[in-house]
Amino acid sequence: MRPTVGLRLTLLYSGLFLLAGMLLVAVIYLLVDRSLFIAPPAPPAPPGGLPGPDQVVPMPYAEEQRAGTLRVLLIDSLVALVVMAFASILLGRLMAGRVLRPLGEMTATVRRITADRLDRRLAASGPDDELKELADTFDELLDRLEAAFTAQRRFVANASHELRTPLTLQQAMSEVALADPDADVDSLRTVLERLLAAGKHQERLIEALLTLARSQQGPHHREDLDLAAIAAQALGPREDAGVRIHSALSPAPAHGERALIERLIVNLLDNAVRHNVPGGWITVATSMEAGRPTLRISNSGPVIPPDRVHTLLQPFQRLNNGRKATGDGLGLGLSIVDAIVDAHHGTLDVLPLPEGGLQVTVTLAP
């Protein structure tokens, strides 16, 4: 049994109470034995001289002596109680301060933690009790907060960069076209088409950012749905995607927000098509595994280093080698998928295939 704070406080206060009781008994004994308030009354002398050793003291005198002794004992006990009350207060305050000192240190450390200094930790030492468990739990919370703040700053910086690049391109194309005095209708039309394409790219990026933010907030309207039916509907427009599609759709009833689940499946299929190879393949399967609805999508493609798989789930993170998009990906597809799965309390497993490509398994809560 570990030395918990409750056990230590129990032993401490029990010992103090026992010590205080022993001291109280000793003080009362000494005060009664050597009372300064009253002396025992002498028995009255009988007529004719002192009482003999075999004489019996009269009953009224015994009652009077007993009453006097009780009064002395009461007064002495009250004095001892007052003394012990002050002693108990001082000892209790001293011991409580020693026991709760780690909490004061933890409070001072927490007050120094700010949004810009999340690297501070309590790092409590000492016995493995409730206080250390509290400090360790708070340190784990700080680790998650620091990771969240870091991810947020990285996301804002990446989003600003992704939005600034097409704006800079549009401004440069407009300035070049306006600065050319010999620009004809065809050249201006070309510039306008490029500006329109850049505007559509920005629109898709903003829509993806809004979808990611909504996914992180969690589902608002849950309903019963079937992953197999949603997957079959999403596969319809991709029959002429230039890759072989194999499906094994078994009923997989789930509970969640249909719009987000549809976005999840569409993003996975878009990634499977975009990051494929000419003449490649895609397999889509839905089923119930261990009582939980499961969606598994695999695709052929370039070989992905296993140590780079985790970067695919981060916003705007694209692999410089291995997995390259054949289309105009935004780098937000799997980030949105990860946010939707997390909002539905599911699990997302991303596994690179040895021959190239990726296998993504989504398991939702029943």
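Which handedness does the crossing of H6 and H7 have, left-handed or right-handed? In this predicted model, the crossing is left-handed.

## Helices H6 and H7

Helix H6 covers residues 258–274 and helix H7 covers residues 333–343. Their axes come within 9 Å and cross at roughly 145°.

On the H6 side, the contact is made by Leu260, Arg263, Leu264, Asn267, Leu268 and Asn271. On the H7 side, Gly333, Leu334, Ile336, Val337, Ile340 and Val341 take part. Sorted by class, the residues of this contact are 8 nonpolar, 3 polar and 1 charged.

## Strands S2, S4 and S5

Strand S4 (residues 281–289) pairs with strand S2 (residues 244–249) through 6 bridges, and these two strands run parallel. S4 is also joined to strand S5 (residues 292–299), here by 8 bridges and in an antiparallel arrangement.

S4 and S5 form a hairpin with 2 residues between them. Ala290 lies in the turn and has a positive phi of about 55°.

## Salt bridges

Side chains of opposite charge can pair when their charged atoms come close. The model has 3 salt bridges by the distance rule used here.

One of them joins Lys132 to Asp136, with the closest N and O atoms 3.2 Å apart. Both residues belong to helix H3 (residues 130–179), and because they are 4 residues apart in that helix, about one helical turn separates them. Asp136 has 29% relative accessibility, so this residue counts as partly exposed.

Arg258 forms a salt bridge with Glu223, and here the closest N and O atoms are 3.8 Å apart. This pair links distant parts of the chain, since Arg258 is in helix H6 and Glu223 is in strand S1 (residues 223–226), 35 residues apart. Arg258 is partly exposed because its relative accessibility is 30%. Glu223, at 35%, is partly exposed as well.

## The salt bridge of Glu289 and Arg296

The side chains of Glu289 and Arg296 also meet in a salt bridge, at 3.1 Å from N to O.

Note on methods
Residues numbered from 1 in each chain as written. Predicted model: local features only at pLDDT ≥ 70, side-chain atom pairs only at ≥ 80, totals over all residues. Heavy atoms only, no water. Axes fitted to C-alpha atoms, helices over the stretch in contact; angles between N-to-C directions. Left-handed = near helix turned anticlockwise from the far one by under 90°. Contact = heavy atoms within 4.5 Å. Nonpolar A, V, L, I, M, F, W, Y, C, P; charged D, E, K, R; others polar. Pairing = 2+ DSSP bridges. Salt bridge = Lys/Arg side-chain N within 4 Å of Asp/Glu carboxyl O. Buried < 20%, exposed > 50% of the residue type's maximum accessible area, 1.4 Å probe, protein only.
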